[in-house]
Amino acid sequence: MNASLKTWRTPLVIMIVGCIILTLSMGVRHTAGLFLQPMTSSHGWSRETFSFAIALQNLVWGLASPFAGALADRHGAGRTVAGAAVLYVIGLVLMSQAASPLALDLSAGVLIGLGLSGTTFAVIMGVIGRHTTPARRSMALGIASAGGSFGQFAVLPVGQAMISAYGWEIALVLLAVGIGLIAPLANAMADGHKPASGAGQSVGQALREAGGERSFHYLFWGYFVCGFQTAFVSLHLPSYLVDSGLTANVGMTAVALIGLFNIFGSFLFGWGGGCYSKKNLLVLIYALRAVAITIFMLVPMSTAAAWIFAAVMGLLWLGTVPLTNGLVAQIFGLRYMSMLTGVVFLGHQLGSFLGAWLGGRIFDQTGSYFLAWALAIGLSLIAAWCSWPINEKPLERTAAA
């Protein structure tokens, strides 16, 4: 690493800037549910039309993440983050002008999905992981995950205020301006990356090695369930609450509370992953999600019930991120961490695609979200079952990572 990198791109600076990037990128991404009703009402679209575009966004985000991670692993993350931020900005601006479902799919779906792939977890966590000691890595990844949660808490009220004051079209353009700030911040992610453990491997060898490990598949499908639940809840919870007789402000506040309490949850599980079994903590998260959703479905609907549910889900929301990414680094080492976490994240986004789309599809077909909630409960139990047999022992090649 050259002298200029040592002078200011310290691990602390990288973590702080990474948190800011995740705050902006994830915060704006979580405003999607606020635009569902105003955009569908304005254009006369069904909820499924809007839901499909956001589902496509999640799918593109997931499909592109391994490639974004591979670019960051091979060439450094700075250019990857900056280029993705530009795509994100263009996507938001074009989304504000979308007059047809196809235009919405291309802007909100494809372009924003590509933007998210390079400005969120796969790339940012890889940089932070490479600059953190094994003893502190889980906690550092938890802090970074909390940055994404803070964005959800902080940006949602801003987004709602923009929609109320200026309309949804102008609100999207203003959010694009905020995402534009990521491009100059990307300079701090140009971390002078040099090969870590597994340096003798090619990309293909790393992928074949991971694909041959059952634990990698367990992580993939557990993350699939996480994606289904978080996408469904973040996109459809506001509308579900409005349908249940509560106000749009209650729905917005509920999603913001998820972000607020996930700050604490990410810290908690990030710290816990450094002290206890990461896979056991994943089992706990998925099991508790099933319990929380079941209770939410059984109790009478009220503002208090909605906000308590949001707080509980927030504590369990992105705690999976430092644990899952930490397990990838722990088992497979750091050389291809961004790429391999990108592959696992693809599972998350396949689940997100189904969670976002099926939520709207089920509602349009049945007039209710009940079946979607029931599916979320069943999948949560499956994810807990998948997490239990994960082997946390580092591969012999990466034992010294």
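Q: Among the elements of the protein chain, which helix has the lowest mean pLDDT and which the highest?
A: This is a predicted model, and the protein chain averages a pLDDT of 87. Of the residues, 94% score at least 70. Among the elements, the lowest mean, 55, belongs to helix α1 (residues 3–8). The highest mean, 96, belongs to helix α14 (residues 278–298).

Q: Over residues 1–5 the pLDDT is below 50; how many contacts does this stretch have beyond near neighbours in sequence?
A: Helix α1 covers residues 3–8 and has a mean pLDDT of 55. Over residues 1–5 the pLDDT is below 50. Beyond near neighbours in sequence, the contacts of this stretch in the model number seven.

Q: Are α5 and α6 roughly parallel or roughly antiparallel?
A: Helix α5 (residues 78–96) and helix α6 (residues 101–119) have axes that come within 7 Å. They cross at roughly 160°. Angles over 145 degrees count as roughly antiparallel. That makes the relation of α5 to α6 roughly antiparallel.

Q: How many nonpolar, polar and charged residues does the contact of α5 with α6 have?
A: α5 passes α6 in a left-handed crossing. The α5 side includes Ala84, Leu87, Tyr88 and Gly91. The α6 side includes Leu104, Ser107, Leu111 and Gly115. By class, the contact has 15 nonpolar, six polar and no charged residues.

Q: Are α12 and α18 roughly parallel or roughly antiparallel?
A: Helix α12 (residues 214–243) packs with helix α18 (residues 370–387), their axes 9 Å apart. The angle is about 155°. The cut-off for roughly antiparallel is over 145 degrees. That makes α12, relative to α18, roughly antiparallel.

Q: How do the residues of the contact of α12 with α18 divide into nonpolar, polar and charged?
A: The crossing of α12 and α18 is left-handed. From α12, the contact includes Tyr218, Phe228, Gln229 and Phe232. From α18, the contact includes Trp373, Leu375, Ser380 and Cys386. The division is 14 nonpolar, three polar and no charged.

Q: What is the angle between α2 and α9, and are they roughly parallel or roughly antiparallel?
A: Helix α2 (residues 11–29) packs with helix α9 (residues 168–180) with axes 9 Å apart. The angle is about 160°. α2 and α9 are therefore roughly antiparallel.

Q: Which residues of α2 and of α9 make the contact, and how do they divide by class?
A: The crossing of α2 and α9 is left-handed. The contact uses Leu24, Ser25 and Val28 of α2, with Leu175, Gly178 and Ile179 of α9. Those residues divide into four nonpolar, two polar and no charged.

Q: Is Gly151 buried or exposed?
A: Gly151 lies in helix α8 (residues 134–166). The cut-off for buried is under 20% relative accessible area. At 0% relative accessibility, Gly151 therefore counts as buried.

Q: Leaving aside neighbours within four places in sequence, which residues is Gly151 in contact with?
A: Gly151 is part of helix α8. Gly151 and Ala183 are 32 residues apart in sequence, and their C-alpha atoms are 17 Å apart in space. With neighbours within four places left out, the contacts of Gly151 are Thr23, Gly27 and Leu156.

Q: How many of the residues of α7 are buried?
A: Helix α7 spans residues 121–130 and is mostly covered. The buried residues include Phe121, Met125, Gly129 and Arg130. The count of buried residues in α7 is 10 of 10.

Methods
Residues numbered from 1 in each chain as written. Predicted model: local features only at pLDDT ≥ 70, side-chain atom pairs only at ≥ 80, totals over all residues. Heavy atoms only, no water. Buried < 20%, exposed > 50% of the residue type's maximum accessible area, 1.4 Å probe, protein only. Helix = DSSP H or I, 4+ residues; strand = E, 2+ residues; numbered from the N terminus. Axes fitted to C-alpha atoms, helices over the stretch in contact; angles between N-to-C directions. Parallel < 35°, antiparallel > 145°, perpendicular 65-115°, else oblique. Left-handed = near helix turned anticlockwise from the far one by under 90°. Contact = heavy atoms within 4.5 Å. Nonpolar A, V, L, I, M, F, W, Y, C, P; charged D, E, K, R; others polar. pLDDT = per-residue confidence, 0-100.
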